[in-house]
Amino acid sequence: MLYRKFCSSVSIFILACFMASCSVTTAPTDASSGTTGQTTDASSDVTSSTTLDDDDEEKEIKEEEKEVEEFVTANFSQLRTDMSVGRGEYLAALATLMSVNEADKDQFYAITKNNFSSIFLSSQTTAKELIVNLKQEIAQANI
Amino acid sequence: MVLLFKPVVILCLFVVLCSLSTHARSGDRISTRNPILSQLILKTRAEKIWLRPTWQALLHVPPHSLGSQASSLVDAPSFFLSSQGKESPQAELEATLAKLFAPSVGSKLDAEEAVACRFPARRAWLEEVLEIDKGVLPEYRCSNLNNWLHNFDADGLTLIFPVSVLNSPASMFGHTFLRLDRKAEKKPDLVAWTVNFAAYADAGRGLGFAINGVFGGYPGRFTLAPYYERVKAYSDIENRDIWEYALNYSPAEVHFMLLHLWELLPAYFDYFFIDENCSYQLLGLLEAARPNLQLTKNFYWDATPADTVRAIASVPDLVAEVHYRPSLRQNINTRAEALALAEQKIAKSLALGQLTLQDESFLSKAPDSQVEIIELATSYLAYLSASQGKPQDVFDIALEAESRGKQHDEQLSRQHQLLTARSEIAIALPPLAITPPAYRPDEGHGSRRLALRYGREDAENYLQLDFRWVYHDLYDPDNGFVEGAQLAFLQPSFRYYSKDNNWQFEGVDFIDISSAPVRNYFIRPFSWKASAALKRYRFEDDERPLIGDLAVAAGLSYALNQQVSAAVFIDTKLTVSDKFDNTVGLGLGASGEIMYTISDTWKGGVYSSAMQYVEGLTQTTYQVGGRLRFSLDTDNAVLVEVSEHKEFSDAFVKGQLSWQLYF
């Protein structure tokens, strides 16, 4: 009787633990998307973002802007760290997303480091402000 | 014994009933007025096309349905065009062909519901295998599908494996998902899309979630997310190292896999976690594009993510390249190791706001050191803010929301000051070089273990046979596993005593978890242990009854140097048996262990523990001993143990020599 109770309660516990293996892994992603505001239910999100029908230039630019904004919002702190050093995986990814020419990339990295304090005016600078400030610096540098 | 298996039997019955209750309706009538269609159907019947591995993979029919009718793992009725599709690949093939030939509804060329747009992989494969000429089948534009594909532009595949962390039960076994690379465009990995299979639950966890999950109560679905989201979740927040296995898939194979993924997105699978988990479904997806891989055939009813990675790595030429992406925690540890303790202290004080950049102790450092100190401080601050609000350890005390908000603002402004200071120093240090572990996860031992032990206990010789379902304990070969993490499930053991010429049930470890990550100056995790078992304890008169045993411990672990680690624990134990007053015994105690990783193949350790029973019976017990393990190869190890025990009778000595086989 005693063993029976012991065994069945332990069995239930084990089953609960085995849930483990991967099902609950949605959790960390949910947690992170809370802060970045972009969970992705592929079928809707990915499809809605582009339409080939209007493949004109304006559309492409809008598309790029949206992509940059999402990336900067989600990776704000990593980008800030990379910019302070003038190097890093996140910074390189941003350069690619912003279509910076291969030849201009080093200059782009240098701008983010040298003008760090005008890109990040305070600790409260937002992702949108970052993009505006960064674009200003790039325009001034003519790349 | 019988009682133990009862829940398992009930579970099995339940599963069988679930799978039987699938819809079986009357057969479909396939219109064969179209002469080309009738011809094609005759051809498929003559060649039994539906038995081809690709078709079976596209329908997710498991390859190991022995003799019995093979039934698809997909549970959404909309995935099947024939009402018998789930059970009959042939009916589904014929229905698909018939619907592909059906004239489009109305004159709309863009009918998204058309079978050609809804099941593009099936169409592409049938066209190829039945040699259907272009133009024979009605053409559709399928703009939703094409936009979707255009968004990926994928031409490469990478299998991603974030290693396990024990502090969250959700990630004990690690996880696997796929990344869709854009090699031709040289797009950064971070912005690539990932394909993930997970339970689709709206909200709530806890027991209800667990039970629904076990019995397939939540549907499993494929979902997509940018890789940077995943890196943030695993690497920065959960501090899990990530392994990236680039696979040798051609752009055409990747394209076909995506066509098939499109078919699967609206579909769902009953998420029965043991056999149809994330790893298994990913293998199914990989097989659709390359059916001759036959990856799923080796997994009968369980697949841990590490098993999947091992299966993939064992296929010759499938893995092109393996890349290691260290977690934020590794990053901090590597930076700290490069600095003297005095400099580490400055970095930590800067991060915590106990010191400013104007302080003499910082300014007196050489410029190179200043850069290293600031970079360490900013990484540490990033670690602190990433782990906030999400307790990293079971013992973390949740802060009040208000004080956390204030703390967060202070951290933000310190981080801003530090980074601004960093940007003003022109020095560029060489990039941080974090050495990957010497062994990849696929180079580790198999999950299951069979052990044969010969021992002598209190002047009696015995032979012991035990089996462990999963996964790894602290004295198993460590190569490819996370250090200081033990996870063992379901380990029954049997003993043969030559004296009685008889096999005896020795006990069963239901679960035995030990998480002992080492602490250092920056990262200070707690260690803990939890176990549940039925085991034999020695009482007076050589009596050894089976006793229910639940133990929980909390402690601290330190690395004394690269090879030696030490851990101390406070232990509590609850024992259940009629040997105790009121059938329950309660013990409190302490234990310690020192482990020495001598080389890749040798590992040794000494341990001791003492426990005072305060409830049920008054008794002091202790245990002191040592172990030495030698790995013969990846999947074979020899273990020697010598120990002295004092249980509920006189003290006795035990010696044991074991051979452990992993598979």
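**A walk through chains A and B**

Helix α5 of chain A, residues 76-85, is mostly covered, with eight of its 10 residues buried. A residue is buried if 20 or more other C-beta atoms, placed from the backbone, lie within 10 Å of its own. Helices here are DSSP runs of H or I with at least four residues, strands are E runs of at least two, and both are numbered from the N terminus. The buried residues of α5(A) are A:Gln78, A:Leu79, A:Arg80, A:Thr81, A:Asp82, A:Met83, A:Ser84 and A:Val85. Just after α5(A) comes A:Gly86, with a positive phi of about 80°.

This is a predicted model, in which local features need pLDDT of at least 70, side-chain atom pairs count only at pLDDT 80 or more, and totals for chains, interfaces and linings use all residues. Residues are numbered from 1 along each chain as its sequence is written, while chains are lettered from A and ligands numbered from 1 in the order in which they are written.

How far can chain B be trusted? pLDDT is the predictor's confidence in each residue, from 0 to 100. Chain B has a mean pLDDT of 84, and 84% of its residues reach 70 or more. Residues 1-28 of chain B stay under 50. Where pLDDT is low, the predicted coordinates should not be read in detail. For the complex, the predictor gives an ipTM of 0.83 and a pTM of 0.85.

Now look at two helices of chain B. The axes of α6(B), residues 120-129, and α10(B), residues 251-264, come within 7 Å and cross at roughly 135°. Axes are lines fitted to C-alpha atoms, for helices over the stretch in contact, and angles run from 0 to 180 degrees between N-to-C directions. The two helices α6(B) and α10(B) are therefore oblique to each other; angles under 35 degrees count as roughly parallel, over 145 as roughly antiparallel, 65 to 115 as roughly perpendicular and the rest as oblique.

β17(B), residues 602-615, and β18(B), residues 619-633, pair in the antiparallel sense over 12 bridges. Strands pair if DSSP finds at least two bridges between them. B:Ala610 has B:Tyr622 of β18(B) as its bridge partner. Three residues lie between β17(B) and β18(B) in their hairpin, and B:Gly616 in the turn has a positive phi of about 90°. β18(B) also runs antiparallel to β19(B), residues 636-646, over 11 bridges. Here B:Arg629 stands opposite B:Leu639. A hairpin of two residues joins β18(B) to β19(B).

Terms used:
Contact = placed C-beta atoms within 7 Å. Buried ≥ 20, exposed ≤ 12 C-beta atoms within 10 Å, placed from the backbone.
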